[in-house]
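Please keep the structure in view while reading.

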Amino acid sequence: MNSIWQNVTWDIARAGGFTTYVLLALAVIMGLALSTQLQSPGRWPRLINSELHNFLTLLSSIFLVVHIAAVWIDPFTHFGWSDILMPFATSYRPIWMALGIVGVYLGIAIGISTLLRPYIGYKLWRKLHILTLLIFMLATIHGIGTGSDTQTRWALGLYAVSSILVALLLIRRLWALKKKRTPVVNPARQRPWAA
Ligand code: HEM
């Protein structure tokens, strides 16, 4: 009986982990696409919008709760509160677990900053929002490091595709920022005689 229960909780933990990860990746991808104004009414059926970004983030948080609860209930690992809440407190893969826990705390901080946006201002909120990229990185390393499915092709493919998409959109975002910051030099001012 105990072993059936153990299989159920462990399977839910694994499935919950991957679902959280995919939804988080999609939320980050959607956020980066929004910030680079990738949505164009002509080409995209308005699929990229902030409501979907918020919905994916919420859904990811719900599955994260399922993931953590299943890991905590699992009779094999015997986790206590401190193992789940405190980075490095567990003896079970402490570094990889700590990355997941720190990711959750950063996520909570970003969630709070969103609630406080009217008070802290858009600029600070936006700066803090950059931390979501760190959360994605921590979640990726946590999943690869601690997951029992990391050896499988589908899991590696999932991590690779998500990371590549995020990296490509981030490069696009940084490129757009660089272009925006480069001052447009008026050739007439540079060479007055040419005018
Ligand atoms: C940003 C939040 C998190 C995400 C996206 C995430 C995602 C994942 C993923 C994708 C896996 C791999 C599952 C597998 O290979 O089967 C995993 C494994 C695991 N996670 Fe998380 N996780 C997060 C936070 C946490 C936290 C806070 C804890 C602990 C309190 C935790 C505990 C575990 C454990 C014990 C495993 C190992 C499961 C196994 O061996 O298959 N995770 N997680």
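Axes are lines fitted to C-alpha atoms, for helices over the stretch in contact, and angles run from 0 to 180 degrees between N-to-C directions. Helices (H or I, at least four residues) are DSSP runs numbered from the N terminus. The model is predicted: local features need pLDDT of at least 70, side-chain atom pairs count only at pLDDT 80 or more, and totals for chains, interfaces and linings use all residues. Residues are numbered from 1 along each chain as its sequence is written, and side-chain values use heavy atoms, without hydrogens and water.

Helix α4 (residues 94–115) packs against helix α6 (residues 122–129) at about 165 degrees, with axes 10 Å apart. The two are therefore roughly antiparallel, a term for angles over 145 degrees. Ile-110, Ser-113 and Thr-114 of α4 make contact (heavy atoms within 4.5 Å) with Trp-125, Leu-128 and His-129 of α6.

The iron atom of the ligand has the protein donors His-67 (NE2) and His-142 (NE2), 2.0 to 2.1 Å from it. Donors are N, O and S atoms within 2.8 Å of the metal (3.2 Å for Na, K and Ca). His-67 lies in helix α2 (residues 50–73) and His-142 in helix α7 (residues 131–146), 75 residues apart. Six donor atoms subtend angles of 87 to 178 degrees around the iron atom, so the arrangement is octahedral: opposite donors over 155 degrees apart and all others between 65 and 115.

Helix α7 also meets helix α8 (residues 153–181), their axes coming within 11 Å and crossing at roughly 160 degrees. This pair is therefore roughly antiparallel.

Methods
Parallel < 35°, antiparallel > 145°, perpendicular 65-115°, else oblique. Tetrahedral: all angles 85-135°; square planar, octahedral: opposite > 155°, others 65-115°.
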